[in-house]
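Keep the view open as you read.

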Amino acid sequence: MSAQQSQGIQTLLEAEKEAAKIVEQARQYRVQKLRDARSEAGKEIDEYKKAKEQEFKAFESSHAGNTTNAQTAVDKETEVNLKAINDSFGKNKDAVVKKLLDRVVLVKPELHRNLKKVQA
């Protein structure tokens, strides 16, 4: 009987070792699958980033010309306005200086309106 028991125990030990091997293989398989999934996700993220960067560069280059055109238009408009202001300054400079000098030099001595009310 002891031979049968020892043989039964031996069979159980072998089955336990086999089960441990299977569990370890399953763990390794799961870890490998997780690593593969991470690397695959990383590759997909990189591809998506590249695609979006290319899309952005295309958008940026197509709209960069519009900025240059707008800047040129604004510069031309500014030049026109500046020329108009300078022309107006040139035309009216003498008249403004004359008016200022007349106000400063030609003073009419008069009593202040409040002082006139008090005296009356």
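Over residues 12-54 the chain is 100% helix and 0% strand. An unreviewed UniProt entry places a "coiled-coil region" at residues 12-54. The model itself is predicted.

Helix H1 covers residues 2-105. Asp46 sits in helix H1.

Now turn to the salt bridges. The structure holds three. One joins the side chains of Lys52 and Glu55, at 3.6 Å from N to O. Both residues lie in helix H1, three residues apart, or about one turn of the helix. Lys52 is partly exposed, because its relative accessibility is 38%.

Another salt bridge links Lys83 and Asp87, with their closest N and O atoms 3.9 Å apart. These two are four residues apart in helix H1, so about one helical turn separates Lys83 from Asp87. Lys83 is exposed, with a relative accessible area of 54%. Asp87 is partly exposed at 39% relative accessibility.

Asp102 and Lys98 also meet in a salt bridge, at 3.2 Å from N to O. They too lie four residues apart in helix H1. Lys98 is exposed at 52% relative accessibility, while Asp102 is partly exposed with a relative accessible area of 31%.

Val97, Leu101, Val104, Val105 and Leu106 make a nonpolar patch of about 510 Å². Leu101, one of these residues, is found in helix H1.

Terms used:
Residues are numbered from 1 along each chain as its sequence is written. This is a predicted model: local features need pLDDT of at least 70, side-chain atom pairs count only at pLDDT 80 or more; totals for chains, interfaces and linings use all residues. Side-chain values use heavy atoms; hydrogens and water are left out. UniProt positions are given in the numbering used here, feature names are shortened, and annotations may be inferred rather than shown by experiment. Patches are made of residues with over 30% relative accessible area and no salt bridge: like charges are joined within 9 Å, nonpolar side chains (Val, Leu, Ile, Met, Phe, Trp, Tyr) within 5 Å. Accessible areas come from the Shrake-Rupley method with a 1.4 Å probe; for residues, only the protein chains shown count as cover. A salt bridge is a side-chain nitrogen of Lys or Arg within 4 Å of a carboxyl oxygen of Asp or Glu. Buried means under 20% relative accessible area, exposed over 50%, partly exposed in between (1.4 Å probe, protein chains only).
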